[in-house]
Amino acid sequence: MPEGDTVWQTTKRLHSALAGKVLTRSDLRVPAHATADLTGRTVLDVTPRGKHLLTRIEGGLTLHSHLRMDGAWKIFENGHRWTGGPAHQIRAILGTTDRTAVGYRLPVVELLRTTDEDRAVGHLGPDLLGPDWNPDLALANLLADPARPLGEALLDQRNLAGIGNVYKSELCFLLGATPWLPIGALPTDRAAKLPALAQHLLEANRDRPVRNTTGRRGQNLFVYGRAPRPCLRCGTPVQRADQGDGSRERPTYWCPTCQQGPTPFNIPTAPS
């Protein structure tokens with residue numbers, strides 16, 4: 001599942017394959033940019049910003065893309081068969097004399113002026129893997145709405161950029177709080193260490209082929225994806241439910257023994 005560490009890895013591969021090279025092929029298969037031709041231009045760099053990818057191209061242009069749930073950039077040696085999915089799922093192609101980057105199932109493909117990048121990513125909070133990382137600002141952003149459920153606050157990229165469903169569930173477990181606990185109810189000492197803990201998890205995994213939050217071989221995650229198997233810490237069956245604002249439900253996992261706070265099964269409902 002693409003989160004900040006996955007995007008960082010993807011960006012690193014794209015930068016290695018494309019940066020400093022002239023594009024000999026470009027094909028943006030989205031209506032807004034179907035006629036754009038980037039051939040003959042040099043790729044300057046590929047930079048991550050939270051879950052967003054910014055491919056900067058000679059002439060003051062940036063190709064902004066986002067992986068969301070299912071998107072992927074694949075890199076192939078020229079002459080090799082593309083294996084990232086069926087052709088109708090391809091949204092972008094950037095090729096050089098030796099390698100080709102193919103974007104599959106990309107929900108966002110946007111060509112914009114480099115000077116206008118803030119229009120695409122300016123709303124993001126501090127990037128957990130970026131040079132702008134600021135734990136104090138991230139914490140202030142998170143606590144600005146103390147009644148908001150912890151899990152929802154962590155997923156809001158305006159607070160801090162890079163956390164998705166996996167890290168949301170794992171962070172809540174490590175903090176000993178359910179994702180439905182109002183963030184303002186999180187004990188002060190745990191809230192204070194939240195930004196550093198989040199940054200540590202992503203930084204520790206940005207170069208790993210398999211994401212690991214436990215430090216144990218063969219048991220990579222504490223709760224995410226483990227329902228109804230036993231909690232690695234106490235043996236209680238891990239539970240799963242969707243969490244969201246109604247516009248998009250997200251799978252969420254927690255241990256009912258190790259994590260304190262409300263759950264979807266005991267949150268009081270307002271009288272009708």
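Begin by selecting Trp 180, Trp 254 and Phe 265, which together form one aromatic cluster. The model on display is predicted. Across the whole structure, a search finds 5 aromatic pairs. One of them lies within the present selection: the ring centres of Trp 180 and Trp 254 are 4.9 Å apart and the planes meet at 75 degrees, so this pair is edge-to-face, the angle being over 60 degrees.

Keep the two tryptophans selected and colour the elements that carry them. Trp 180 belongs to the loop between helix H5 (165–175) and helix H6 (188–205), whereas Trp 254 belongs to strand S10 (residues 250–254); the pair therefore ties together parts that are 74 residues apart in sequence. Next, display the surface. Trp 180 is buried, with a relative accessible area of 9%, and Trp 254 is buried as well, with a value of 0%.

Now move to Tyr 224 and Tyr 253, an edge-to-face aromatic pair with 4.8 Å from centre to centre and 65 degrees between the planes. Tyr 253 is in strand S10, while Tyr 224 is in the loop between H6 and strand S9 (239–243); the pair links distant parts of the chain, 29 residues apart. With the surface still shown, Tyr 224 counts as buried at 15% relative accessibility, and Tyr 253 counts as buried at 10%. Both values are under the 20% cut-off, and the two residues are therefore classed as buried.

For the last stop, select Phe 222 and Arg 233. Here the charged end of Arg 233 sits over the ring of Phe 222, at 5.9 Å from the ring centre.

Terms used
Residues are numbered from 1 along each chain as its sequence is written. This is a predicted model: local features need pLDDT of at least 70, side-chain atom pairs count only at pLDDT 80 or more; totals for chains, interfaces and linings use all residues. Side-chain values use heavy atoms; hydrogens and water are left out. Rings of Phe, Tyr and Trp (its six-membered ring) pair if their centres lie within 6.5 Å; planes under 30 degrees apart count as stacked, over 60 as edge-to-face and the rest as tilted. Helices (H or I, at least four residues) and strands (E, at least two) are DSSP runs, numbered from the N terminus. Buried means under 20% relative accessible area, exposed over 50%, partly exposed in between (1.4 Å probe, protein chains only). A charge sits over a ring if NZ of Lys or CZ of Arg is within 6 Å of the ring centre and within 35 degrees of the ring normal.
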